[in-house]
Amino acid sequence: STREIETSLVQEAKKYKTAEEFLENNKPFYSRVAKAPGLKISQIEASINPILRNWKNAPDVITVDSIDSLPDHLQDYIMKSEGEGEIEGIFDPETKGVYLIAGNISSKQRALEVLLHESFGHYGLRGLMGENIKPLLNIVWREKNAEARTIAKRYGLDVTAEGTKGYAARQQAAEEVLARMA
């Protein structure tokens, strides 16, 4: 019930003292796709700029040619997750920015879809929930377990790991389930 979810959220939120503590345990989130011919930065920007111009409270959106143009910490994360050729977009919780990778996005329509997924699904969700996101993700993991495990497998997340590593992997898979619903 809604009341049980609210109670669970409040109990979980009490475990974290600051937003920094929450973000410290969270990783970037990204959209993957099979490799296809990509667009140029100018094509992506022409497609998304009309939306961004009128969007209040939009995240910073940066379009890059390739993963090699991303900040080092995001490149390292992507290399570890073995998703280099597939990632179209990534939300960076550290900077709260959304990056679109033009070389991996096959159409202007897909660029809009990735922008909306990363912006509403990750940036918006975190902005709305703040530190209270973890208990919600625990509920999503429990209630949408099969879907979350499928995502975890595709993203190479070790949800069976012990301790904080497994917990973080389960949280990431659950957030991706929510982001896809957004």
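**Strand β4 and its neighbours**

Analyst: In strand β4, L100 is the bridge partner of T63. The model is a predicted one.

β3 and β4 make up a hairpin with four residues between them, and in the turn K96 has a positive phi of about 60 degrees.

As for burial, five of the five residues of β4 (residues 97–101) are buried, so the strand is largely enclosed by the rest of the structure. In a regular strand, side chains alternate between the two faces of the sheet. Here both faces are covered: G97, Y99 and I101 are buried on one side, and V98 and L100 are buried on the other.

Two aromatic pairs are found in a search of the whole structure. One of them is formed by F91 and Y123, whose ring centres are 6.2 Å apart with planes at 65 degrees; planes over 60 degrees apart count as edge-to-face, so this pair is edge-to-face. The pair links distant parts of the chain, with F91 in strand β3 and Y123 in helix α5 (residues 108–129), 32 residues apart. F91 is buried, at a relative accessible area of 2%, whereas Y123 is partly exposed, at 23% relative accessibility.

Key. Residues numbered from 1 in each chain as written. Predicted model: local features only at pLDDT ≥ 70, side-chain atom pairs only at ≥ 80, totals over all residues. Heavy atoms only, no water. Buried < 20%, exposed > 50% of the residue type's maximum accessible area, 1.4 Å probe, protein only. Helix = DSSP H or I, 4+ residues; strand = E, 2+ residues; numbered from the N terminus. Pairing = 2+ DSSP bridges. Phe/Tyr/Trp six-rings, centres within 6.5 Å; stacked < 30°, edge-to-face > 60°.
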